[in-house]
Amino acid sequence: MEEQRTTYTDKIGLPPGSLVYIGKHRTDKVTISETDYSTDHYHENNLNQISDCTSWDKSDSVTVVSVIGVHDTSIIEAAGEQFGLDPMILEDIVNTHSRSKLEEFDDYLFLPMKILEVELNTNEINTEHVSLILGKNGVILFQESEFKILDPFKERVRKGKGIVRQRKADYIFYRLIDTFVDNYFIVTEHLFDRLEKLEEKILQNPSENVNEEIYELKKKIAFVKRTISPLRESISNIIKTDSDLISASTQNYFRDVYDHVIHLTETIDSQRETINDFLNLYMSSISNKMNEVMKVLTIFAAIFIPLTFIAGIYGTNFDYVPELHYKNGYFVMWGVMIVVAGVMLYYFKKNKWF
Amino acid sequence: MEEQRTTYTDKIGLPPGSLVYIGKHRTDKVTISETDYSTDHYHENNLNQISDCTSWDKSDSVTVVSVIGVHDTSIIEAAGEQFGLDPMILEDIVNTHSRSKLEEFDDYLFLPMKILEVELNTNEINTEHVSLILGKNGVILFQESEFKILDPFKERVRKGKGIVRQRKADYIFYRLIDTFVDNYFIVTEHLFDRLEKLEEKILQNPSENVNEEIYELKKKIAFVKRTISPLRESISNIIKTDSDLISASTQNYFRDVYDHVIHLTETIDSQRETINDFLNLYMSSISNKMNEVMKVLTIFAAIFIPLTFIAGIYGTNFDYVPELHYKNGYFVMWGVMIVVAGVMLYYFKKNKWF
Amino acid sequence: MEEQRTTYTDKIGLPPGSLVYIGKHRTDKVTISETDYSTDHYHENNLNQISDCTSWDKSDSVTVVSVIGVHDTSIIEAAGEQFGLDPMILEDIVNTHSRSKLEEFDDYLFLPMKILEVELNTNEINTEHVSLILGKNGVILFQESEFKILDPFKERVRKGKGIVRQRKADYIFYRLIDTFVDNYFIVTEHLFDRLEKLEEKILQNPSENVNEEIYELKKKIAFVKRTISPLRESISNIIKTDSDLISASTQNYFRDVYDHVIHLTETIDSQRETINDFLNLYMSSISNKMNEVMKVLTIFAAIFIPLTFIAGIYGTNFDYVPELHYKNGYFVMWGVMIVVAGVMLYYFKKNKWF
Amino acid sequence: MEEQRTTYTDKIGLPPGSLVYIGKHRTDKVTISETDYSTDHYHENNLNQISDCTSWDKSDSVTVVSVIGVHDTSIIEAAGEQFGLDPMILEDIVNTHSRSKLEEFDDYLFLPMKILEVELNTNEINTEHVSLILGKNGVILFQESEFKILDPFKERVRKGKGIVRQRKADYIFYRLIDTFVDNYFIVTEHLFDRLEKLEEKILQNPSENVNEEIYELKKKIAFVKRTISPLRESISNIIKTDSDLISASTQNYFRDVYDHVIHLTETIDSQRETINDFLNLYMSSISNKMNEVMKVLTIFAAIFIPLTFIAGIYGTNFDYVPELHYKNGYFVMWGVMIVVAGVMLYYFKKNKWF
Amino acid sequence: MEEQRTTYTDKIGLPPGSLVYIGKHRTDKVTISETDYSTDHYHENNLNQISDCTSWDKSDSVTVVSVIGVHDTSIIEAAGEQFGLDPMILEDIVNTHSRSKLEEFDDYLFLPMKILEVELNTNEINTEHVSLILGKNGVILFQESEFKILDPFKERVRKGKGIVRQRKADYIFYRLIDTFVDNYFIVTEHLFDRLEKLEEKILQNPSENVNEEIYELKKKIAFVKRTISPLRESISNIIKTDSDLISASTQNYFRDVYDHVIHLTETIDSQRETINDFLNLYMSSISNKMNEVMKVLTIFAAIFIPLTFIAGIYGTNFDYVPELHYKNGYFVMWGVMIVVAGVMLYYFKKNKWF
C-alpha cells in the first residue's frame, strides 16, 4: 500500500467528467485489440489506436474491443469519442477505486467491477478494476493490466467450442462477468484454507504473534467483502432491467450469476464470523495460559517462601535459640517443612490447581 | 474437512450448465429406483439406467424417481434429457455446496436443500445435499448417499397408511420436505443437549480447554444456521407461487412447514446467543480464578517476605547486634513476627481477600 | 430442565396433523368446563367429555369452553371434531413449544400464546402454553394446567360486574388476552427488581459468583423476550384482520393491547441492555481488583526483597567482610535499609499506587 | 428508585379503562387552572373543580386547561366526562410509564410525552409525564407536578408578545410540544458536559471507580434515549395526519420539531457510542496499568532473587566452602552480583521494559 | 471543545423562527459579495449590506451571492427579507449544528451541509457549516468563515473555463456541492494515512498510550461519519425532486455526487471497522506482553526460590547438621542446585515458555 498512487485529491475543483486516473502508478504501454466473430468467422487484431476499430457497427457479428491499461487518459477519451460514451462513464473507467454499479443508457450498458487474484507466494490479494460496456453488436472491455483468467475462455471462443459463437453480444457480456465471478470462488477458497491453517495454529500453539495473523486475515476478508458486495446490486439491476440490449434468456443466465454472488456474500460473512471467533478463542487461550503461569508461580512461592522463612529463623545468631540445641533439631525442622509443603500441595490439589 | 473434495476452481471458464461435481470425493455406485403408486396400486423397481423410467407420464398415478449418488455427472445428464430439465438445474444438483432456493419452470419446480444428520459417536453434524423436482405426475429426488430418515415414511406409503396414496404428486413433495425439516429438530435438540452439558461444565469446573469446546459448538451452531436459513425463503416462495403444480390445500400444509422453519431459525438464534453468553461466563470465570490465584500468592508473599526479612536481619554477622544478646531476644523476635503476620491477616480479612 | 419431556423427535415421519403432545410429562386428569352467559343469565358446568358441550350454537349467549390439560391427545381430537377445527390447529394446541401466531379461518380465529408465572421461592419463571379459539358465539380456551391469574376476572364475570356480560364473544376473547398480557408486566417488574438487587451487589461487593448470577438473569430475560416477541405480530394481525368475528370496537381495544406488547418489548430490550452493562461493569471491577492485588504484592516485594538481599549480604561467612567489623555497622545497615524502603515508598506514592 | 410507587401489578384483571395511577407516590393537592385568550383578551383562573371550566366551547378564543397532578384519578375521571374523552386516554394520562404516541379521535388529538429535567445538585435526570389534548378551541395539559420550563413562554403569551395570540389552538399545541422538545437539548448538553469531564478523568487518572461512573452515565444516556425515541413516531404522525384540527401551516412547524427530534436521537446515539468507547479506553488503560505493575514486580524479583541466592550460598555453614577463604572473596561476590544485576538491567532495557 | 459557544439552551421558550446563532463565538466582520455572470460577462462586487444585491432578478445571467459569517443574525434577517426566505430556513442557517437536509419551496431549494478541513499541524478536523439556496437565477451561499477550497473553482469561472458560464444556476449549485463533497475525500484519505501509521505502531511497538491514540482516531472517524451521513438523503432527495429549479441534466450530475457520497460512507464504515480491529489487536498484544512478563517472573521465581531455600537450610545454626560436615558437602549442594535448576529449565523449555 506504500506504492505511488494518484488520489482523489488531484481531482478537486475540476469540472465533472475530467479524466484523472486514480490508481497504482503505471507506465506500461496500453494495448488495444479487437475480436470479431460470428457463427462462421473469427478475427483477432491488435490495433494501434482506438479509432482503428472497424467492425463495431456491423450488425451480423459480435465485436469485442479490449483495452488493457486505463492509465493513459487520452486513449480513454478517444474511446469515449469513438463509441459515443458519456463523460461520467469515462471517469469511472479511469478511477480504479470506483464501486461496481450498473448504468443504463439508450445505446449501451456500463458495468464496472473488480477482479481479485491471489498472489500465491505472498498470499496477497490483488484487485484489478475492469469496466464492461455492452453495446448492440459488441462489448468493450477496459482492464488495468493483462490477466490470465480469461485465457481458457478466449481459447474456447477461438476454437468455436460451445454456443458462444451462435449468440449475440449480451451472451459474451454474461460470460465475461460469469468468469470474473467464478474467479471470486478461488479467493474465498484460498481464505478458507488460510482459516483452516490458522484455526489449527490457535488450537495447538497460540504463540504470541497469532493475533497479528488473525488481524491480517480479518483485514483481507473485510477487503474481499467490500469488493464483492456492490456487485450484488449491479447483477440484480441487470436481472430487473427492461433494456432490450439483454435478452430474456441471458437475463435467466444472470439469475444464476446472482445466486453465485449471494453464495459468495454468505460465504464471506461466515468467514468474518469465523475470524471473530478465532479472536475470542485466542484471547481466552491467552487468559488460560496466564492463569497457568500464575498458578505455577503461586505454587512455588506458597510452598518455598514459608520454608525459607523457617530456615531463616534458625539461621539467626541469637545467643539463645533453644531449638538449635535440641537433639535432632535439624531433622525436626525438616519434618516440619515437609508437613508444611505437604499441606500446601494437598490444598492446591484439592482446589484443582494442577 | 481434510478429505478430498472437488471445488469451484475446477469450473472456471467452463460454459454455463457444465456439469462438474462439487463435493466429497465418492466412488460408490449410483442407484436409481422408481416407485409408482395410486390409491389401489404400489410398485417399486430398481433401474439400471435413468432412461428405464416408465411411469412418469401416466397421469393416473404418482411416480417417485430416486437417484442416490450425484457424483456421476453422466447419470445426471441422462436424467436431464429424460425429464427435460434445464442445464442450470443439473448444475445445482451436482454442486453439493449450492444453497436452497425455489426455481419455478412451466413444467416443474426445483428445490435443492440440505439434510442434517448427527453422528452420535463423534457428535459431528453431517450434511447431505438433496434436490427435489416436482413434476405434474411425480417427484424426482436426487441425494448424495443413502440415508435412513425417509424409511419410516416410505414404509407408511408402501402399506397404504395415511392419505398419501390418495393424493397427487404435490403432496408427496410436501411430505418429503416436511420430513427433512422435522429432522432438523433432532439436530437442534442435540445442540440443546450439548449446550446444557457445556453450561454445567462451565459453571462447575471451567477447566482450561472449555474455551475450545465453546468454540467447537459455536462453529456447529453457525453451520446449522447457515444450512437452514436459506430454506425460509424457499418455503415462503412455495406458499406464494401461483404455479398450478401445487394445489391450494398443499400450500396450506407448507404454511405449517414455514412455521417450523421460523421456529427452527429462532431456536438456533437463541442457541447462538446462549453460546456467546457461555463465552462471557467462561471469560469472567477465568478472570475470577486468576484473581483468586493472585490473592493466594499475595497473601503468602505479604506475610512471609517481611518475616523472612526480620529473620535475615538477625542472621547477619555484625560484630555488634545488640538484640542478639538480649535475654529472650529470640522469643521477642517471634513475638514481633506474630504481630506482623496478625496485622497482615487482619488487613486481608478486612478487605475480604478470603 | 432435566424433567421428562416429549420432543419433536417423536414426530418425525408421522403425517401432518398427527397429534403428539410435546411438553412436560404430565399425568393429571384433564378437566373440561363450560360457562354460558348473557346479560341476564350465567351458567357454569363441569363436563365429563368434550361432546357434552351444549350451548356453543345458541346465538343469543356467549359460551366459554375451558379445557385444562392438553397432554391427553384423544380429548383434543374430540374437541377438534366437536367444533370442526383444522388438524393443524390441534397440532399447535398440543405442541407446548409452538410460537404465538394468528390463524384465520372462515368460522374461527386461532391464537396460541404463552402465560408466564414467577415462582416466588425459586425465582424460576414458568411458562404455560394456552390456545384461544374465537368462534361466532364463544371462545374455547386450552391450557396446560390450572392457573390462578384468571380468577379475579372470572369472579367479575360471575357477579356481572363491568360490561363483559353485555358484549359478544370477541370481547371475552380480548379480555382473556389482555389479562395474559397484563400478567407479563408482573414478570418484567420481577426482573426489574432482580436487576436492581444485582446492580447493588455488583457495585458494593463483586464477589466471585456474581458472574453466574448475571448469566442466570440474562438467560431469564432472553427467555421472556423469546416468549413475548411473537405476540407482537399476532396482535398486530388481529388489528388488521377483516374477519367479521372481531368487531371494530374490539379491534380498538386490541390497539391498546398492542401498545402494551410494544411497551413490554421495549422494557425487555432495555433490561437486556442493562444486564450486558452489568457484565461490563463486573468485568472492569474484577480487573480493578486484580490491579489492586497486584499492587499490594508488588509494593511488598519491591520493598522487602532488596532489604532481605542486604541482610543476606551480611549473613555471608566470608573471612573478611569489612563492614561487619565497623563500629555501628549494624545500625548503618538499618539506616541504609530505611532509606531504601523510604525511596520505594516515595516512588509508589508519587505514582499513586496507594 | 427505591421510593414508593404503584405498579402494573395493581391493574391485573381490572376491566379496560380502569383508572389506576401508576407512578411515584404523591399526596399533594391537584391544581386546575384555565387560561382563555384571543387577540384582544387574556384571562387566567384557578378552578376548584374540573367542571368549572367555562370557556372551552367558545369558538372565538383559545382555552388552555392545565391540570397539575394526575394521581387523583377522580379528577381525571371528571375531566374525561367534562370533555368527552375516551376511557383508554384517561388510562394513559394516569399511567406515568406510558410511552409517547399520537391517538387521533374525531374531536381531539391525544399526545402523551415526557419532560426531562436535570437536577443540578445530584446530576439526576427526572422525568415528568405530560399529556396534551388538542380540541377544536383549546388544549388540555395534564402534568405530574408543577414545573418551571413553561414559565417564560406563559409570560410571553400573557404579555401578548409574538404571534401566539393571533393563532388557533393548534399553534399553542405546537408551541408547548416545541418547548418540551427544546428542553431535551438541555439534557443532551448536560450529558455532553459530563462526557467531556469523564473523558478527561479517564485519560488523566483512570482511578478505580471510574468504571462505576461510566456505568452510571451509560444508564442515564440509555434512559434519555428510551424517553425521547417514541416521540419520533408521534411527531411524524402529526405531520402525516389528515385531521382538520391541525392546519397545514402548523404541520409545517411540526416538520421543524421533527428535525429536532431526529437531531436529538442522533446526538444520543453518538453519546452512546462515546460512552462505549470510554469503556474500551478504560479497560485498556487498566490492562496497561497492570502491565506496568507487573513489570516493576518482575524487574525487582528478577534482579534481587538471584543476588539473594548468591548471598545465601555464602551464608551456609559448610565446613569447607573454599570461596569464603579466598582473599577478597567478599569483593569478588559483590563484583559477580553487580555483573548479574547489570546483565538483567541490560536485558530489560533492551526489551523496552522501562 | 472548550472554546466559548452559544448553545440550544439560549433558545428555549423563544417563538419559532427566532434567530439565535449557535456555534463557535466569533466577532469578525461579515463580508458579503455578489458575482454575476453569463456567457459573455462576469462581475464581482463586495457589498456593504445585503440589500445592495442588484442582479438577482435579471433572468439572463446567474448571480451568486456569498455571505461569509453567519454570527450576525441581523444580516441573516436582512437576507431573509431581501430574498423572501422562510424564517425556519434562517434558523437553520445560523444554527451551525443543524444537519444536512433538502427543503423544497416553490421559489427556491435550501440545502445546508458541512465542509470538513484537516488542520495539518494538529491533525484536527474542523467543520464549517454552509447553507446553499438555489433560486431561479442564482445561488446564495452562507458560510461560517472564509475558506480556500472554492478558490480554484472560482478562478475557473472567472476565466470562463469549462462550461459553467454557459449553464444556469442549478449547475453552479451542483458544482459547489460537488466541490464540497470532493473535499471529503481529502479527509478520508487523511484518516487512511493516520490509520496506516497507527497500524504500524501497534504492530511494532504497542506502547502504553497507543490506546489513547486509537480512541482519538475513533472519535474523529465517528465525527466524520456523523457529518457526512445525512448528506446521503439530501442528495437522494435532489435526484428525486420534481422541482423545476433543477434540470434533468443536472439531476444526472447529482447521481454522480450520490455515488461519491455512497463511496465515502462505505469508506468511513470500513475505517470504523479497521479502528475496532486495532483495538482488538492492541488488547491482545497487551495480554501477550503481560503473559511474557509473567513468564519471566515465574521462571526466575521457580528456579531461584527453591535454590535459596536449599542455601537457607545450610545456613541454619543447628548444633548438628550432618551434611555440613560431609567432605565436599558444599560441592554436593551445588550439584543438587544445578540439577534442580536444570529440571526446572527443562520443564519450562518443554512447555514452550521460552
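I began with the symmetry of this predicted model: a rotation of 72° with 0.0 Å of shift along its axis superposes chain C on chain B, with an RMSD of 0.1 Å, the copies being fitted by least squares on the C-alpha atoms of residues with pLDDT of at least 70 in both. That is the relation of a five-fold axis. I then looked up which residue of chain C comes closest to the rotation axis, and found C:Gly315, at 4.6 Å (C-alpha).

For bookkeeping, I note that residues are numbered from 1 along each chain as its sequence is written, and that chains are lettered from A and ligands numbered from 1 in the order in which they are written. Local features need pLDDT of at least 70 and side-chain atom pairs count only at pLDDT 80 or more, whereas totals for chains, interfaces and linings use all residues.

Next I traced the open sheet of 7 strands in chain A, which has mixed pairing and the order E2-E1-E3-E7-E6-E5-E4 (strands are DSSP runs of E, at least two residues, numbered from the N terminus; two of them pair if DSSP finds at least two bridges between them). Its edge strands in chain A are E2 (41–47) and E4 (103–104), each of which pairs on one side only.

Last, I checked B:Val139 for contacts (C-beta atoms, placed from the backbone, within 7 Å): leaving aside neighbours within four places in sequence, its partners include B:Val64, B:Leu132, B:Ala169 and B:Phe173.

Conventions. Helices (H or I, at least four residues) and strands (E, at least two) are DSSP runs, numbered from the N terminus. Two residues are in contact if their C-beta atoms, placed from the backbone, lie within 7 Å.
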